[in-house]
Amino acid sequence: MSTTQSERLRELLEPLVSSQGLDLEEIAVDTVGRKRVLRVVVDSDTGADLDLIADVSRALSAKLDETDAMGSAEYTLEVGTPGAERPLTEHRHYVRATGRLVRFQLAEGGELVARILAADDEGLDLEVPGVKGRKATARRLAFDDIARARVQVEFNRKDDASDKNNKKEEEA
């Protein structure tokens with residue numbers, strides 16, 4: 001997809017997405033065999049439920065139908081949210097990932113896995129998990145020190161509040 005087409009699509013679609021209270025995160029046109037697929041990724045600070053995604057999809061489809069932004073060839077429109085292990089590239093992504101475990105590639109080289117506790121304009125307050133029974137440690141990481149960051153999927157996260165509630169229920 002040419003930069004010109006990408007910019008035109010963003011200019012066309014972003015106001016519609018914003019009017020629904022969402023951020024337009026990504027636009028991609030892929031060719032799969034003979035078919036083209038327009039993928040639109042949206043998100044917000046509070047997330048997006050299926051009903052909202054459906055509303056946005058209908059609005060985008062109608063707008064695309066009344067313009068020639070995709071040309072005359074057939075295409076499929078897919079609207080969704082970022083995946084579970086999404087890369088963090090904007091300040092708002094870090095804010096939304098507060099409380100999540102993130103793998104950081106550091107600008108100086110090396111890697112760090114830590115939980116985001118807070119995000120401000122300069123960087124992040126992190127909790128670095130302890131190793132082999134050691135306590136977690138606090139760390140400050142400036143945005144300039146981050147080369148790449150990606151949210152990690154956690155299948156067995158220990159949540160202190162839910163653990164305490166489960167123990168109380170078991171004792172009762």
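Contact here means heavy atoms within 4.5 Å. The model shown in these views is predicted.

**View A. Helix H2 lies across strands S2 and S3.** The helix comprises residues 50-65. Relative to S3, helix H2 runs at about 145°.

**View B. Strands S1, S2 and S3 form an open sheet of 3 strands.** The strand order is S1-S2-S3, and the pairing is mixed. Strand S1 (23-32) and strand S3 (75-80) each have a single partner strand, so one side of each edge strand is left without a neighbour in the sheet. On average, neighbouring strands of this sheet are turned by 15° against each other, direction ignored.

**View C. Strands S2 and S3 run parallel.** Strand S2 covers residues 35-43 and is joined to S3 by 6 bridges. Arginine 39 has glutamate 78, in S3, as its bridge partner. Strands of a sheet pair through backbone hydrogen bonds, in either a parallel or an antiparallel manner.

**View D. An open sheet of 5 strands shows antiparallel pairing.** The strands are arranged in the order S7-S6-S5-S4-S8. From one strand to the next, the twist averages 40°.

**View E. Strands S4 and S8 run antiparallel.** Strand S4 (residues 101-106) is connected to S8 by 5 bridges. Glutamine 105 has arginine 148, in S8, as its bridge partner.

Definitions and conventions
Residues numbered from 1 in each chain as written. Predicted model: local features only at pLDDT ≥ 70, side-chain atom pairs only at ≥ 80, totals over all residues. Heavy atoms only, no water. Pairing = 2+ DSSP bridges. Helix = DSSP H or I, 4+ residues; strand = E, 2+ residues; numbered from the N terminus. Axes fitted to C-alpha atoms, helices over the stretch in contact; angles between N-to-C directions.
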